[in-house]
Each structure stands twice: as structure tokens, then as C-alpha cells.
Amino acid sequence: MQPFVTHTGIVAPLDRANIDTDQIIPKQFLKSIRRTGFGANLFDEWRYLDRGEPGKDNSRRPLNPDFVLNQPRYRGASILLTRRNFGCGSSREHAPWALAEYGFRVLIAPSFADIFYNNCLKNGLLPVVLDEAVVDRLFREVQATAGYALTIDLPAQTVRTPTGETLRFEVDSFRKECLIHGWDDIDLTLRHQDKIAAFERERLARHPWLAPVART
């Protein structure tokens, strides 16, 4: 997992509440658990004017010019500003995979669905919860200023605006440490591989009949 310490990026405003995971990555694309190959179909039903299907050449599909991510001023955005209850619906981990592969590193909203929030943290995405009034103001500033960018400092738990204003957010200390070091659940397990190996040796010494038998 890519470590997250500080990040400065252009903000894309997705002004909708209660966006569910099927809107983030539609169900027909959930055919792999490789964590890659989903970014091209992020918000598929909103980004394109036709119906997306696995294997389709997205470069030939008609884009919806009214959708925010298709507008030139938000090209290359890596921070998504959205409304309350983002990521509700099914618990599919493909949703944060699609957001991350598209290029987002930070999500800002007044609230997130609980399972989605935790899935983001486990996959290198930082979901930032800010007060709804603050989010309202950020929407106005983003829409009024082309190239509007924010700087997120995870160790300090702050969001810095272009005017130098600092907004503080909360994050679980354990998940914060994992993000800063780039540790996913597998990395956390491998940190204890010496202890695991020692346990296995001791177990086999006490119970040798548990040793795997070679097949001929």
C-alpha cells in the first residue's frame, strides 16, 4: 500500500448525497479481486452516455459532458469533495479500489458509510470528515476557483486551504499509523513473521504428526 503522509491535489466537487457503492462501481464490473482494472469504470453510469459492460473499450464510449469528472477544469483531480453518507449500500471493497485507481487519494465529506470508511483506510485512501457547513463552503470555493487545491497533512490531521486556513479532522490513531507507513492487513501480519515461524516450529516439535505429507 502506498504510504500517505501529506498530499496536495486539485479538488473535484461531486455535489450529491447518499452515493452508494453501486454508483461508485456498478455491479457488472465486480468480476475480479485483483484490486486493479476498476478505475476506468468509476461512476460508470454517470461518466458515460451508454451502458458499460466488462471488456468494453472505454476510449470509444461517449462521455457525459455534464459529469464533473469529465470537465477539463477537474482533470487530474486527486481529492473528491462530496456530500453526506458517501459509500452507503453494499460493502464491496471494489469501490475504494476504483477510486484509488482513478487517482483519488483523499475523500472529503460530512459523513461516510461505516464499512466503506474502513475499507478506504485499509486500501490507502484517506476519508476526511468535516462539518457540513465547512463542506458547503468548500463547495462554493471549489466552484468559484479553477485549479482549487487543498493540502492534507495526515500526521498533523489538518486540511489547508489556498488562503492558508487550517481545518482539523479526526482519524483513528492505529489506522493513521498504518496509512503513514503504507501497511495493509497483509503487511501487518508479515511484521510478525518471525514469531509465526517460531510458533510453527514449536508446534511441529510437540506434534510432529501435524507435519504436511508430501504427495507422490
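These legends walk through several close-up views of a predicted model.

**View 1. Helix 5 from end to end.** Let us start with helix 5, which covers residues 132-144. At 1.5 Å a residue, its 13 residues should span 18 Å, and the end C-alpha atoms lie 19 Å apart, which agrees. At the N-terminal end, look for D131, which caps the helix. A side-chain oxygen of D131 lies 3.0 Å from the backbone nitrogen of A133.

**View 2. The two sides of helix 5.** Which residues of helix 5 are buried? They are V134, V135, L138, F139 and V142. Seen down the helix axis, these buried residues fall within an arc of 145°, so they line one face of helix 5. Now find R140 and A144, two exposed residues on the face turned away from the buried side of helix 5.

**View 3. What helix 5 packs against.** The buried residues of helix 5 pack against strand 1 (6-14) and strand 2 (79-82). Strand 3 (106-109) and strand 7 (166-168) are also packed against by these buried residues.

**View 4. Two residues with positive phi.** Most residues other than glycine have a negative phi. R35, however, has a phi near 75°, and F43 has one of about 50°. R35 is in the loop between helix 1 (21-24) and helix 2 (44-47), and F43 is also placed in the loop between helix 1 and helix 2. Are these residues buried or exposed? R35 is partly exposed, with a relative accessible area of 39%, whereas F43 is buried, with a relative accessible area of 0%.

**View 5. A cluster of aromatic rings.** Ring pairs link F86, F112, F116 and Y117 into a cluster. The model holds nine aromatic pairs. In one of them, the ring centres of F112 and F116 are 6.4 Å apart and the planes are at 25°, so this pair is stacked. Stacked pairs need planes under 30 degrees apart. The rings of F112 and Y117 have centres 6.0 Å apart and planes at 50°, so that pair is tilted. F112 and F116 are both buried; Y117 is buried too, with a relative accessible area of 18%.

**View 6. Charges over rings.** Here, the charged end of R16 sits over the ring of W46, 3.9 Å from the ring centre. In another such arrangement, R61 lies over the face of Y48, at 3.8 Å from the ring centre.

Note on methods
Residues numbered from 1 in each chain as written. Predicted model: local features only at pLDDT ≥ 70, side-chain atom pairs only at ≥ 80, totals over all residues. Heavy atoms only, no water. Helix = DSSP H or I, 4+ residues; strand = E, 2+ residues; numbered from the N terminus. Expected span 1.5 Å × (residues − 1). Buried < 20%, exposed > 50% of the residue type's maximum accessible area, 1.4 Å probe, protein only. Arc of directions from axis to C-beta. Contact = heavy atoms within 4.5 Å. Polar contact = N/O pair within 3.5 Å; in protein donor to acceptor, adjacent residues only side chain to side chain. Phe/Tyr/Trp six-rings, centres within 6.5 Å; stacked < 30°, edge-to-face > 60°. Lys NZ or Arg CZ within 6 Å of the ring centre and 35° of its normal.
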